Number of protein chains: 2
Amino acid sequence: MQIDVSKVINFCESLFSGYGFTSDESKIITDVLIRADLYGIESHGIHRLVRYNEEITSGQVDVKAKIQTVFETGISACLDANKSMGQLAAVHAMNLAIQKAKIVGCGMVTIRNSNHFGIASYYTEMAAAQDLIGVSMSNTEAICVPTFGAQAMTGTNAMALAMPAEPYTFSYDASTTVVPRGKLEVYRKNNTQLPDHWALDENGKPCVDASVVIENIIAKAGGGIAPLGGLGTLHGGHKGYGLSVIVDLFSAVMSGGLTSNYVNRKKDIAGICHYFMAIDYGIFGDKTSIKNNMSKFLQELRDSKKAEGQNRVYTHGERSSEMMAQRKNGQIPVNEKTLEEMLNIAKKLGTDTLSL
Amino acid sequence: MQIDVSKVINFCESLFSGYGFTSDESKIITDVLIRADLYGIESHGIHRLVRYNEEITSGQVDVKAKIQTVFETGISACLDANKSMGQLAAVHAMNLAIQKAKIVGCGMVTIRNSNHFGIASYYTEMAAAQDLIGVSMSNTEAICVPTFGAQAMTGTNAMALAMPAEPYTFSYDASTTVVPRGKLEVYRKNNTQLPDHWALDENGKPCVDASVVIENIIAKAGGGIAPLGGLGTLHGGHKGYGLSVIVDLFSAVMSGGLTSNYVNRKKDIAGICHYFMAIDYGIFGDKTSIKNNMSKFLQELRDSKKAEGQNRVYTHGERSSEMMAQRKNGQIPVNEKTLEEMLNIAKKLGTDTLSL
């Protein structure tokens, strides 16, 4: 089903206002959510409204949270989100990083006690829109099993980086696991075996049954998803494992918050932590020529020889940018189940469905 | 064959002095090289002396090179290595990043027109030894094929990060390819098939014949190694591809140097570029408690449940640290062929072999 973007935006803004967020806050949360749908990353868009509804109504997200500064220098800050909605904490923190980068060339902000923040690239692209490099990271509840381990210890732990370029901003945004949990759910729904190297059972043995892995994750019974690079070390799984530790280092260790192995979406405080960095790349030389260097390199990648049967080599951010150009003044696909969930939430909350 | 570390050090220092490097320079280059052997990363140690010999005698490395500052701010610099030995360029650049981090909390230095710098973790650990976070990256000659491509466009493109912790510094150091080229050479030597997902032929088709891949790489005839995550997107190869682009972004694009697809070890200027960052993590709060957070998290990873048949979960830097403790006051293994090469080089150069 296709629905007008403007209708979905109005619906979401009205919904978030219904929870008690201010009008500005509701606009920010909605903008982050809808961006995912515009980019074609449906798993992180309005599909998540049910989950956010649970978190807000259970009190894990505090609608009235005030973000506190714990520590600050000219180039850095450590913040406490105090259970803020993740999108609000993240926009606040990235704006602070951007402000510092504009003054001293670089800003780094780490923030604890937050919640799920949606797509990491939303924040890196805030920096890119101001002609800066943006970096963002977030830990999550543990889902990723270290190399040679049998127990999830790190999260999906996304890393994102955006760098201005023409005609597309370079925008990298990826989990440090081989796949995110949502992918396993698709395999379970279709009742198909997982590819090798994606997941492990509670004894740390390779497991191709998505149901077993998902049930174990929910019950925290052991096992989980392999790091990028897969199981063991043959294909470099120890590299993905290390990258996931780096995300916890910058987001949780630096902020004095909870590392992924303590993050818990069932508790009063989920404890998710994020990290943001903005760099004014003019600290390395003339910005115009640096940006041109980047655009040229990306074009060379796109122009490079294709594998047999392929007709494009993409650069990161290209697909989502094309998808957004198609959708932004038109419609986005909404799954029937998602629409039903959205209408139910609005009904319970007593907010207007705005003829959705 | 096992040889005393002190003898190997004396030999190398004498060799580099023989090329015309000063005594201090020879000590630095030797220290970087020997560190790789002490860590058990033989591929990056004295095994490379033949290659360095070629580069120095062909003039690709300029023994008398002066490193120039192209652009500088309080938190950053862009340098030109002017064909300097990679180890000297890298130590110079990381020292500058460290100096800036100590004053303003963070230092970022990008450097162009350098040469192969050995192990990336040597430089990140220079920062860690001063109680700072260290980051280093380097591009190389193109060897990695972008997702859906058939032509190597990015290099081995290592990323390294070190963060102080007890009892082991966290020290991540990995290529952004599924494996480095050296691994293919081992398979060729043993005449065994490559695992799936490691490499591609000149048409971008999966290829398990190491000889074909290596010969194509040498002839720049197409094909190469897959990015971390393997071929296509099923196991996340597009993530490794993106990480390799990020290494070229910070090292080459930011320095105005050559991206991996232009780096050429057969030309007068190889054009390898590096990036270094040092962060005083005290910019986020109390250093003692942050370092304790890190040590605790790493210990939890090591203590986590093991997969059946495994008895350890490692953290990054643990193995090399243990290996170095064993070797540093004793001996290192030297391959017979490597020893023969070393003695030949010394003979031609007329330097003392110091009873090696």
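In chain A of this predicted model, seven strands form an open sheet of mixed pairing in the order 2-3-4-10-5-6-7, where strands are DSSP runs of E with at least two residues, helices are runs of H or I with at least four, both numbered from the N terminus, and two strands pair if DSSP finds at least two bridges between them. Strand 2 (68-73) and strand 7 (170-174) of chain A stand at the edges with a single partner strand each, so one side of each is left without a neighbour in the sheet. Neighbouring strands of this sheet are turned by 10° against each other on average, direction ignored, the axes being lines fitted to C-alpha atoms, for helices over the stretch in contact, with angles from 0 to 180 degrees between N-to-C directions. Within the sheet, strand 4 (residues 106-114) and strand 10 (residues 272-279) of chain A are paired in the antiparallel sense over 7 bridges, and Thr110(A) stands opposite Tyr275(A) of strand 10.

The model is predicted, and local features accordingly need pLDDT of at least 70, side-chain atom pairs count only at pLDDT 80 or more, and totals for chains, interfaces and linings use all residues. Residues are numbered from 1 along each chain as its sequence is written, chains are lettered from A and ligands numbered from 1 in the order in which they are written, and side-chain values use heavy atoms, with hydrogens and water left out.

The sheet of chain B likewise has 7 strands in the order 2-3-4-10-5-6-7, is open and shows mixed pairing; its edge strands are strand 2 (68-73) and strand 7 of chain B, each of which pairs on one side only. In chain B, 7 bridges hold strand 4 (residues 106-114) and strand 10 (residues 272-279) in antiparallel pairing, with Val109(B) opposite Phe276(B) of strand 10.

In chain A, a cis peptide bond with omega of about -5° joins Glu166(A) and Pro167(A), and Pro167(A) lies in the loop between strand 6 (158-163) and strand 7 of chain A. Positive phi values occur in two further loop residues of chain A. Asp131(A), which is not a glycine, has phi of about 65° and lies between helix 5 (121-128) and strand 5 (133-138) of chain A, where, at 27% relative accessibility, it counts as partly exposed. Phe148(A), also a residue other than glycine, has phi near 75° and is placed in the loop between strand 5 and strand 6 of chain A; Phe148(A) is buried, with a relative accessible area of 19%.

In chain A, the axes of helix 2 (residues 23-39) and helix 4 (residues 86-104) come within 9 Å and cross at roughly 95°, which makes the two helices of chain A roughly perpendicular, a class covering 65 to 115 degrees, with angles under 35 degrees counted as roughly parallel, over 145 as roughly antiparallel and the rest as oblique. Here Glu25(A), Ile28(A), Ile29(A) and Val32(A) of helix 2 meet Gln87(A), Leu88(A) and Val91(A) of helix 4, contact meaning heavy atoms within 4.5 Å. In chain B, helix 2 (residues 23-38) and helix 5 (residues 121-128) have axes that come within 10 Å and cross at roughly 105°.

Chain A can be laid on chain B with an RMSD of 0.0 Å by a turn of 180° and a shift of 0.0 Å along the axis, and the two copies are thus related as by a two-fold rotation axis; the superposition is by least squares on the C-alpha atoms of residues with pLDDT of at least 70 in both. Gly229(A) comes closest to this axis among the residues of chain A, at 2.4 Å (C-alpha). Because 100% of the interface residues of chain A are also interface residues in chain B, the copies meet through the same surface.

Note on methods
Buried means under 20% relative accessible area, exposed over 50%, partly exposed in between (1.4 Å probe, protein chains only).
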